[in-house]
Amino acid sequence: MKLEGQLSGDMSHLMASDVNVEIGENTFFSGNLSAKNLDVKNNELINLSIRRLESSVADLKQIIPGLELPENFNKLGKINFEGLIDGFVKDFVVFGSVNS
């Protein structure tokens, strides 16, 4: 795993900019993050601005133990996303584009 970026703040107001993460063979993330109330259970607010998120079903299954996806997902190959994720951990909206 490789992690780069600028991090500031505390659990009540965390900011991360120019974040780059590489995990496994085909998983990459590039973007910015702001989060509030990470220290208040069920009130965590997350804002992700994703410039590049790329992965594959094989990588996701290695990263997330027990992940079960429909068999036809294996045909997707590389999965790419660009956009925004905004809201609470259990109630959020996603704006963006996905392709494979």
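How many aromatic pairs does the model hold under the ring rule? The count comes to zero aromatic pairs. The rule pairs rings of Phe, Tyr and Trp (its six-membered ring) if their centres lie within 6.5 Å; planes under 30 degrees apart are stacked, over 60 edge-to-face, and the rest tilted.

This is a predicted model, in which local features need pLDDT of at least 70, side-chain atom pairs count only at pLDDT 80 or more, and totals for chains, interfaces and linings use all residues. Residues are numbered from 1 along each chain as its sequence is written, and side-chain values use heavy atoms, with hydrogens and water left out.

## Overall layout

The protein chain has one helix and six strands. Helices (H or I, at least four residues) and strands (E, at least two) are DSSP runs, numbered from the N terminus. Read from the N terminus, the order is β-β-β-β-α-β-β. The C-alpha trace spans about 40 × 25 × 25 Å along its principal axes.

Of the 100 residues in the protein chain, 21% are buried. Buried means under 20% relative accessible area, exposed means over 50%, and partly exposed lies in between (1.4 Å probe, protein chains only). Contacts can also be sorted by distance along the sequence. Take those between residues at least 6 apart in sequence: 35% of them join residues at least 24 apart. Contact here means heavy atoms within 4.5 Å.

## The sheet

Strands of a sheet pair through backbone hydrogen bonds, either parallel or antiparallel. Here, six strands form an open sheet in the order β1-β2-β3-β4-β5-β6, with antiparallel pairing. Strands β1 (2–10) and β6 (91–99) stand at the edges. Each has a single partner strand, so one side of each is left without a neighbour in the sheet. From one strand to the next, the twist averages 10 degrees. The axes behind such angles are lines fitted to C-alpha atoms, for helices over the stretch in contact, and angles run from 0 to 180 degrees between N-to-C directions.

Two strands pair if DSSP finds at least two bridges between them.

| Strand pair | Bridges | Example |
|---|---|---|
| β1 and β2 | eight bridges | K2 and E22 |
| β2 (13–23) and β3 (27–36) | nine bridges | V19 and G31 |
| β4 (45–56) and β5 (78–88) | 10 bridges | L53 and F81 |
| β5 and β6 | nine bridges | F88 and D91 |

One joins β1 to β2 through two residues. Another is formed by β5 and β6, with two residues between them.

## A buried threonine

Is T27 buried or exposed? T27 counts as buried, because its relative accessibility is 9%. T27 lies in strand β3. The side chain of T27 makes a polar contact with the side chain of S55, at 2.7 Å. A polar contact is a pair of N or O atoms within 3.5 Å; within protein, one must be able to donate a hydrogen and the other to accept it, and residues adjacent in sequence count only if both atoms are side-chain atoms. Setting aside neighbours within four places in sequence, T27 is in contact with V21, E22, E54, S55, D59 and I63.

## A charge over a ring

Which ring does the charged end of R52 sit over? That ring belongs to F28, and the charged end of R52 is 4.6 Å from its centre. A charge sits over a ring if NZ of Lys or CZ of Arg is within 6 Å of the ring centre and within 35 degrees of the ring normal.

Most residues other than glycine have a negative phi. D18 has a positive phi of about 50 degrees, although D18 is not a glycine. D18 is found in strand β2 and counts as partly exposed, at 47% relative accessibility. N42 also has a positive phi, near 70 degrees, and is a residue other than glycine. N42 lies in the loop between β3 and β4. With a relative accessibility of 54%, N42 counts as exposed.

## A loop lysine

K75 lies in the loop between α1 (57–63) and β5. K75 is exposed, with a relative accessible area of 75%. K75 and S100 are 25 residues apart in sequence. In space, K75 and S100 are 9.2 Å apart, C-alpha to C-alpha.
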